[in-house]
Amino acid sequence: MNTRKTPLVKGFRQSAPYLNAHVGKTMVIMVGGEAIADPNFANIVSDIALLHSLGIHIVMVYGVRPQITALLQQQQYDSPYHKGIRITDEYSLEIAKQAAGQVQLDITARFSMGLNNTPMAGSQINVISGNFIIAQPLGIDEGIDFCHSGKIRRINNMAITNQLEQGSIVLLGPIASSVTGECFNLTSEEIATQVAIRLQADKLIGFCSEQGVVDSNNDIISELLPHDAEQVLQHLIDNDDQQSGTGRFLRGAIAACRAGIPRSHLLSYKQDGALIQELFSLDGIGTQIVMSSAEKIRRADINDIGGILDLIQPLENEGILVRRSREQLEREITLFSVIELDNLIIGCAALYPYPEEKMAEMACVAIHPDFRDGDRGVLLLNKLCQQAREADLEKIFVLTTRSVHWFREQGFYECDIEQLPLVKKDLYNYQRRSKILITSTS
């Protein structure tokens, strides 16, 4: 019988914790006009429909900046910007309303598609748009009249929440009315950010041409704290690129994060399935803006037994680790430290103290295969060294059959069995012939 796990099975099992975590949560998804114009937009809509079918509350905010520009250029009409905001005069407002109306109808039509040969076969989705946003004019800045460019005055949180609880997707565009009955052109990033904050959403999600924020080596930065995100934004401003999809989203994400939104995600609108990979895979695919790191090292508790067993059992089967039963783990769980990422255990190690000899053993070190290219082993070692120092222990030793070079790189040196604590010396397994390495905790 073929017992190999296919990538589909492995991926589906890995997504299970995220499926459970996301059900019933609220996500505000900001889709700029560039994303809407991209050929991959149909797949983004399908993925949003999938999220909705899983019981996730969706508010979708769309922008039409390039669509407005294209229509104005067809009319050979100039619509200048001031501080990154379009000056929307009477004629530009009519063009903006036309663009926003067309996009709203197109998006609604896509969510209504249910042909058998499409990803949305059989889906019945109610898409609700309305006067959830009340606007007011931006006014005059440095002598420049923004005309019909506006900002948010009020959001009808209750009405949006009621629609979400009734199973509808709420679709919000950039044109909003005022208490005087006028229409104003708002930025999609302001709408998405403020709606996320007012609804206390669980996530704010945005799209750009890249797969997130890239560093100087063109690698994706998986996580940014608000201060780091501000530095990236300042770099974009210095390079006159603050109006890119990345820049506009970062402004909103920083504000949302500091207002209590746990995670903001920036993804590529060009890559098929980016939204699904970001939300339902172990290591994600884009950039997250978070108030505190999603990954943390902490002392283990009894609820971590299952996660630790999932980590160590493959290594036990290969003979790399000594077998531990669930009962043994339950007895020794207070000796373990774990690395946790999105409620998943991706690393563990135990510290067994020998107070009389002022020594401790670092044992049962395991890192999830998908996360072994980082420095998580070093982080665990540093954490256990700190614990040993706090317990007035001066040395840490390890017994290993496969990782001698790694421990040497961390400052361990080989020693003989005579340097082990007496109890450990008596328990040494001569059949395994483990190498003994030791280091100072200072």
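This is a predicted model: local features need pLDDT of at least 70, side-chain atom pairs count only at pLDDT 80 or more; totals for chains, interfaces and linings use all residues.
Trainee: Let us take strand S1. Where is it, and how many of its residues are buried?
Mentor: Strand S1 covers residues 26–31, and six of its six residues are buried. Strands here are DSSP runs of E with at least two residues, helices are runs of H or I with at least four, and both are numbered from the N terminus. Buried means under 20% relative accessible area, exposed means over 50%, and partly exposed lies in between, with a 1.4 Å probe and protein chains only.

Trainee: Which side chains point which way from S1?
Mentor: Thr26, Val28 and Met30 point one way, Met27, Ile29 and Val31 point the other way, and all are buried.

Trainee: Which strands are joined to S1?
Mentor: Strand S2 (residues 57–62) runs parallel to S1 and is joined to it by six bridges; Val31 stands opposite Tyr62 in S2. Strand S13 (residues 203–208) also runs parallel to S1, with four bridges, and Met27 stands opposite Lys203 there. Two strands pair if DSSP finds at least two bridges between them.

Trainee: What does Ser188 touch?
Mentor: Ser188 touches Met30, Val61, Tyr62 and Gly63, leaving aside residues up to four places away in sequence. Contact means heavy atoms within 4.5 Å. Ser188 is in helix H7 (residues 188–199), and it counts as buried because its relative accessibility is 9%.

Trainee: Changing topic: how do H4 and H5 cross?
Mentor: The axes of helix H4 (residues 65–74) and helix H5 (residues 90–112) come within 9 Å and cross at roughly 125°. That makes H4 oblique to H5. Axes are lines fitted to C-alpha atoms, for helices over the stretch in contact, and angles run from 0 to 180 degrees between N-to-C directions. Angles under 35 degrees count as roughly parallel, over 145 as roughly antiparallel, 65 to 115 as roughly perpendicular, and the rest as oblique.

Trainee: Which residues meet there?
Mentor: From H4, Gln67, Ile68, Leu71 and Leu72 meet Tyr91, Ser92, Ile95, Ala96, Gln98, Ala99 and Val103 of H5.

Trainee: What about Gly101?
Mentor: Gly101 lies in H5 and is partly exposed, with a relative accessible area of 30%. Its C-alpha atom is separated by 8.5 Å from that of Gly173, 72 residues apart along the chain.

Trainee: Now H9. Why is it described as largely enclosed?
Mentor: Ten of the 14 residues of H9 are buried, so the rest of the structure largely encloses this helix. Among them are Arg248, Phe249, Leu250 and Ile254.

Trainee: What span should H9 have?
Mentor: At 1.5 Å a residue, the 14 residues of H9 (residues 245–258) should span 20 Å, and the end C-alpha atoms are 20 Å apart, which agrees. The expected span is 1.5 Å times one less than the number of residues. Just after H9, Gly260 takes a positive phi of about 110°.

Trainee: What is the order of the seven-strand sheet?
Mentor: The sheet is open, with mixed pairing and the order S17-S18-S19-S20-S21-S23-S22. Strand S17 (295–299) and strand S22 (413–414) are at the edges with a single partner strand each, so one side of each has no neighbour in the sheet. Strand S21 (residues 395–400) runs antiparallel to strand S23 (residues 435–440), with six bridges, and Val398 stands opposite Leu437 in S23.

Trainee: Which strands does helix H13 lie across?
Mentor: Helix H13 (residues 376–390) lies across S17, S18, S19, S20 and S21, at about 35° to S19.

Notes: Residues are numbered from 1 along each chain as its sequence is written. Side-chain values use heavy atoms; hydrogens and water are left out.
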